[in-house]
Amino acid sequence: MAKQFNIVVCGSARVGKSTLVNALCGREVAQTSSSLCSETNEMKQYVLNPVCQASNEDTSSTEYSITIWDTPGIESWTEDHVRKHFTKIMLESTPICMIYCASPGSFVRLDQLEWVIDTCIRSNIFCALVCTNKYNGGSQRRAQVLDEFHRLLSHYHTMTLDEANVKYYGGVALCTSVNSILFEDIDFGVRKHVEGINELLFGITKSLKDDNLAAWCYTIIDNQSFWLTMRDGIVELFKISEPIVKEFLQKEGKDIAKFLIPLIIQKKRSMSKSFEQSNILICGSPRVGKSTLINAICRKQLSKSYSSLGSSTKTIDRYSSQSVIGQITHETHFWDTPGIESWNENDVRVYMASLIEKTHPLCMIYCASPGSFAILEHVAWMVSECHRNNIFCALVCTNMWMGRNRQNVVDEFCKLLNTLYPQVTPTKEDGIIYYDRIALVTMVNSTEHVDKDFGVAKPPLGVDELIFGIAKCLKRDFMIAWFRTVSENKSFWTTMSSKLSNLLKVPYEKFNNLVERADNFLDSLLGFSDFDDEYTTFPIQSRNSGGRNAKLSSNQNWNEPIFYDAEIIDMPPSTSKSKILFFTLKSKDMILQFSAALAQLGAREIRNRPSDETDPHQCLIEVKFEDENNLKAVHDFWQVMNQTEVTCKMVDNSYASFNDDVL
C-alpha cells in the first residue's frame, strides 16, 4: 500500500498558485490560464504516484502517493468556510507543508491568513509563505508583501536565518519571493527569467525531516533544474560524499535526483539522532509577565510581550528556543498557557493532565505578580499533579517591584507547599526557598523596572538565581537539557560561575576558561569523568575531573567559603613517615574545589575515605604532604580559623599602597 502524503497550496485568486505548482514539480501538473478568471474555482487535487527505491543498496521499492491540494482564492470565502475546509484538510490529510501565495497588489484577508498559519504551526505543519509573480506591481508592493509575511511569522518564531532571499523561522516556517515563469513587459523593455524556485525548494527540503522529507523529495523528483543547480548545496547540507557524487555523474550523467534522494533521506535520519527536544510549562494569570520571563531565562526574544490591558496569551502558545552545541541541536518548547483563573476546576485538571502527558516537561513554572489573581486550589492541584509525575515546580513571584504585596505572594506559595508537604523542611538560599527536590519559591524582576513618580529604577533581579535553583534540583539528564536551554544566557554563566563550578564539580579556574574560550563550552563542562562516592583517589595531576552523577544537596549554603564546610579532626604523630591530615567535609559537593585549594598549599595526595558519620552528605578526606612544614602550617591555620572570626580578600599592590600599616 502506498504511503499517503499531502501538500496544500492556497492564496488569493490570480496570484499564480497553479503556475507555482508546475514550477515546483518541474512539469505541468495543474491547469493555468492568463485570463481574468481564475482557473481554480474549486478545491482541486493533483495526485503524484512516483515509485521510489528505498535506498541505493536496497532492491525493494516504496510507493508514495502525494496529493497537492490547490485551493480556490480564499478571499471570497467566509470565515466559517475557510475554517471548515482547512480544518477538514488538516485533520484528514495532515499535510507535510502548506504553501501560501500572495503577489504584489493582490488582496489578502490577513485575519484568515493568520488563522491558517496558526492552525498549521500548532499542528506541526511547515509553512512556506511565497510572494509569487514578484515582478508584478513594483518593488514597493513586493516589499510590502514580504514585510507582512515577516510580521506574521515573527509572532511564532524569531527569524533564524536570511539566506539566498529566503528567511527561515526555526523549523516552523520560511518566506521568500519567486518568479515562476518568464516575465516580459514590452512597454518597459523588461525580461525576467524564472527566479527563486530552486531556493524555495531547497529551503523546504532543509526544513523537513523523516517521511515528510522523503515525500517532498519525490514530489520534486522531476525538477531537473533544481537537482542540478542546487546539487552542491544539497551535498554540503546533508554531508554527502562528493567523490561518490562525482563518480555517479561520470558514469551515469543523469537521474541525479534518483541517486541523491535516498542519500538525503539516509543522512537526514542519521542527523536527526543528534536532535534533542525538551518542554517546559509556564502557567499563571494573564499580565503577570510569563512571556517576559521566558525571554529573560533564554536571554533572547522568543515571544512577544504586550503592554496593553489585554493578555498577550489568549490561547496556549508554544515558543521555541533552538541552540546548536557541538553536534547536538537542542530545541526547547515553552508552553505558555492561558490564564487559568477563568477556567473551572474540571477544565484545569483535564487540560493540564493532557498537556503534561503530551509534553513530559522538565519543569513547571507558575507565575503570579503582586496584585494578580490566582485560584490557589488550581495551583495546589497542578503542583500535586507535577509531583506525581516527577516534574519539578518553581513558584515565582514575577514583576516583584510592581506592588507592595510581593512578600504576600511568596508567603502564599510557601503556605500552599507547607500544606501539601508537611514532612518537608524548607531551606533558604540566595533568596530562594527550596522544598527538597519537589519545588522552590522565589521572586524575580525579569526586566528593568522604572517608576518616574517615585524616582525608582530597579535592574533585572533574581532570574540567574532562579535558573540555578531549578538546575540544582533536576535529575542529571533534565539538568543537562535545562542547561542547553540557557546556553546563550551569558549573564547566567558568568554571574553564577562559582556556584556552577561547585555543582558541576569543575575547578573554578577551569570552569571560567571553558565558558570564556571554548566554542562548545557546555559539552566540555559536562564531559568530565564521573565522581565515584566509594573510596575515590584524586591524584593531583587529574584534579580537573568532575562529576556527572553527583547528588545535589538542597542544604548546601553556596554563600559560605569552602573552608567553613570542613573540619580538621586528626593529625597523626610526627613520628609517622607519611605526613597526613584528616578532614571532615560537611558536603560532598565541595570535594574538588577543596582538593584544588589544598594542592596549592602543598598537598601531595588526597583521598576520599569511608566515613563513620551518619550524615550521607559528609565525607572524610585524607591529605598527605611532602613537606612537614606545610602540614604544620595548614594545621595551625585551621586551628585559628576554628577559634576566631576571620575574613580575607585578595587585592593588588595599588590597594596595599594606601593601607601600608605593618603589624
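**Notebook: a look through the predicted model**

I searched the whole structure for disulfides and found zero. I note at the outset that this is a predicted model. For the record, a disulfide is a covalent bond between the sulfur atoms of two cysteines.

Is C25 buried or exposed? C25 has a relative accessible area of 1%. The cut-off for buried is under 20%, so C25 counts as buried. C217 comes out at 0% relative accessibility, so I put C217 down as buried too.

**Confidence**

Next I checked pLDDT. The protein chain averages 76, and 73% of the residues score at least 70. Residues 54-59 fall below 50. Beyond near neighbours in sequence, that stretch has ten contacts in the model. Residues 528-576 are also below 50. Beyond near neighbours in sequence, I find 136 contacts for this second stretch. Where pLDDT is low, the predicted coordinates should not be read in detail.

**Whole chain**

I took an inventory. The protein chain holds 23 helices and 26 strands. It has 663 residues, and buried residues make up 50% of them. I also looked at contacts between residues at least 6 apart in sequence. Of these, 65% join residues at least 24 apart.

**T219**

Where does T219 sit? I place T219 in helix α6, which covers residues 210-219. Its relative accessible area is 6%, under the 20% cut-off, so T219 is buried. Which residues does T219 contact, leaving aside neighbours within four places in sequence? I list I7, C25, L48, I66 and I68. C25, one of these contacts, is the cysteine I noted above as buried.

**Helices α3 and α4**

I turned to a helix pair. Helix α3 spans residues 110-122 and helix α4 spans residues 139-154. They pack at an angle of about 45°, with their axes 11 Å apart. Angles under 35 degrees would count as roughly parallel, and 65 to 115 as roughly perpendicular. The pair is therefore oblique. The crossing of α3 past α4 is right-handed.

Which residues meet here? From α3 I have L110, L113, E114 and I117. From α4 I have E148, F149, R151, L152 and L153. An α-helix has 3.6 residues a turn, so residues three or four places apart point the same way.

**Helix α15**

Last, I looked at helix α15, residues 463-473. Ten of its eleven residues are buried, so α15 is largely enclosed by the rest of the structure. Buried residues in α15 include V463, D464, L466, I467 and F468. G469, I470, A471, K472 and C473 are buried as well.

Definitions and conventions: Residues numbered from 1 in each chain as written. Predicted model: local features only at pLDDT ≥ 70, side-chain atom pairs only at ≥ 80, totals over all residues. Heavy atoms only, no water. Disulfide = S-S within 2.5 Å. Buried < 20%, exposed > 50% of the residue type's maximum accessible area, 1.4 Å probe, protein only. pLDDT = per-residue confidence, 0-100. Contact = heavy atoms within 4.5 Å. Helix = DSSP H or I, 4+ residues; strand = E, 2+ residues; numbered from the N terminus. Axes fitted to C-alpha atoms, helices over the stretch in contact; angles between N-to-C directions. Parallel < 35°, antiparallel > 145°, perpendicular 65-115°, else oblique. Left-handed = near helix turned anticlockwise from the far one by under 90°.
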